[in-house]
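Good morning, and thank you for coming.

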Amino acid sequence: MTKDDLRIIFMGTPEFAVGTLGALVENGYNVVAVVTQPDKPVGRHQDTLQPSAVKQYAMAKGIPVLQPVKMKDPQFVETLKSYDADLQVVVAFRMLPEVVWGMPRFGTFNVHAALLPQYRGAAPINWAIINGEKRTGVTTFFLDHDIDTGRIIMQEPFDIKDEYNVEDVYDGLMKLGADIALKTVDKIIEGGGKVDSLPQDAMIPVGGELRPAPKIFKETCRIKWDGTAADVHNFVRGLSPYPGAWTDMAPADGKTSVLKVFKTTLTTIPCNGKAAGTMMVYDGKLLAATHDRWLQLDNIQLSGKKRMDAAAFLNGFRDIENCRLGG
């Protein structure tokens, strides 16, 4: 079997998935169709439909695109079956029913942006950084009935440097995910459709903790200033640049605004009993009190204003010592 013989259907939606789809197409693999989310209404009146990044790429390459509203829709299932795919590759897509993931003769594998079984769920990159992990990676695994629990085919690690935020890790894992997807497809081709895989239960140490990666909502992004400075710093990194960590800022006049925080720097200055969320300016730097140390706020955005560095913020907001950060 060669890569020309292996008929692949690709499933994914965001830019992260385009990294793998592009690698498959540009390296000559036989992608016969793409499945992605329906176009999303955007604009002030929601009257403009925005195609997904995957759809845009597929259309530019002349690849047929399927956009089912429901994955169990009989017409979609029949259309999918008509492509007679040998293998399905999934990256950053929705949960699939068995009638879909069980359709190809060689199965369906997913590229997940974490080292499974850790960080199962929708936001593995965010939660790995929030939790202060020094290493993450990508995993390919066969889909089964539960989310992110299937048999592992391959894994590749990725180091999270102290200064990295979500964008940095996202870019690194997008490239690494494309590489591991090609290696996984090659293993399947070399094995004539058979490939060794390992159950995830065998990779969980006895008594070991599994860290989940649930979907992130607005309330998830609220900063808790009573944590340690390191905790808050990692929380900000794990939500930057999008969706962004936020907090309430209450000035002396009592008019509370939302303040987003995109970049912070750890200091060695102890808070000495200052209430968490207290603000001050020290040596020209904007600081906020946490449970143990002052945290330097470097890049922020006040509600209704542009994102800016702290120096620009302080030029227009001078009564900072009388402000309090809440949450």
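In which element is the place of glutamate 15? The place of glutamate 15 is in helix H1. Helices here are DSSP runs of H or I with at least four residues, strands are runs of E with at least two, and both are numbered from the N terminus.

A word on the basis of what follows. This is a predicted model, in which local features need pLDDT of at least 70 and side-chain atom pairs count only at pLDDT 80 or more, while totals for chains, interfaces and linings use all residues. Residues are numbered from 1 along each chain as its sequence is written, and side-chain values use heavy atoms, with hydrogens and water left out.

First, the overall picture. The protein has eight helices and 16 strands. Along the principal axes, its C-alpha atoms fill a box of roughly 70 × 55 × 30 Å. Of its 327 residues, 48% are buried; buried means under 20% relative accessible area, exposed means over 50%, and partly exposed lies in between, with a 1.4 Å probe and protein chains only. The protein exposes about 16,300 Å², and carbon and sulfur atoms supply 51% of that area. These areas come from the Shrake-Rupley method with a 1.4 Å probe, and for residues only the protein chains shown count as cover. Taking contacts between residues at least 6 apart in sequence, 65% join residues at least 24 apart, where contact means heavy atoms within 4.5 Å.

Together with Glu163, Glu167, Asp168 and Asp171, Glu15 forms a negative surface patch. Patches are made of residues with over 30% relative accessible area and no salt bridge; like charges are joined within 9 Å, and nonpolar side chains (Val, Leu, Ile, Met, Phe, Trp, Tyr) within 5 Å. Helix H6, residues 166-190, gives the largest share of the patch, namely three residues. Glycine 19 is also found in H1, which spans residues 15-26. Leaving aside residues up to four places away in sequence, glycine 19 touches Met174 and Ala178.

Next, the charged pairs. Side chains of opposite charge can pair when their charged atoms come close. How many salt bridges does the count come to? The count comes to 11, a salt bridge being a side-chain nitrogen of Lys or Arg within 4 Å of a carboxyl oxygen of Asp or Glu. One of these pairs lysine 183 with glutamate 156 at 3.3 Å, N to O. Lysine 183 lies in H6 and glutamate 156 in strand S9 (residues 152-159), so the bridge ties together parts that are 27 residues apart in sequence. Both partners are partly exposed, lysine 183 at 40% and glutamate 156 at 22%.

Another bridge joins arginine 222 and aspartate 248 at 3.1 Å, N to O. This pair links distant parts of the chain, 26 residues apart: arginine 222 is in the loop between H6 and helix H7 (229-237), and aspartate 248 is in strand S10 (residues 245-250). Finally, Glu133, Glu209 and Arg211 are linked in a network of salt bridges.

H7 itself is mostly covered, with seven of its nine residues buried. Among them are Val232, Phe235 and Val236. The cover over the buried residues of H7 includes helix H5 (124-130), H6, S10, strand S11 (257-270) and strand S14 (293-302).

I close with the backbone. Most residues other than glycine have a negative phi, and most peptide bonds are trans.

Aspartate 84 is in the loop between helix H3 (74-82) and strand S6 (87-91) and is exposed at 54%. Tyrosine 119 is in the loop between S7 and H5 and, at 4% relative accessibility, counts as buried.

Conventions: Lys and Arg count as positive and Asp and Glu as negative; His and the chain ends are not counted. The place of a charge is taken as NZ of Lys, CZ of Arg, CG of Asp or CD of Glu.
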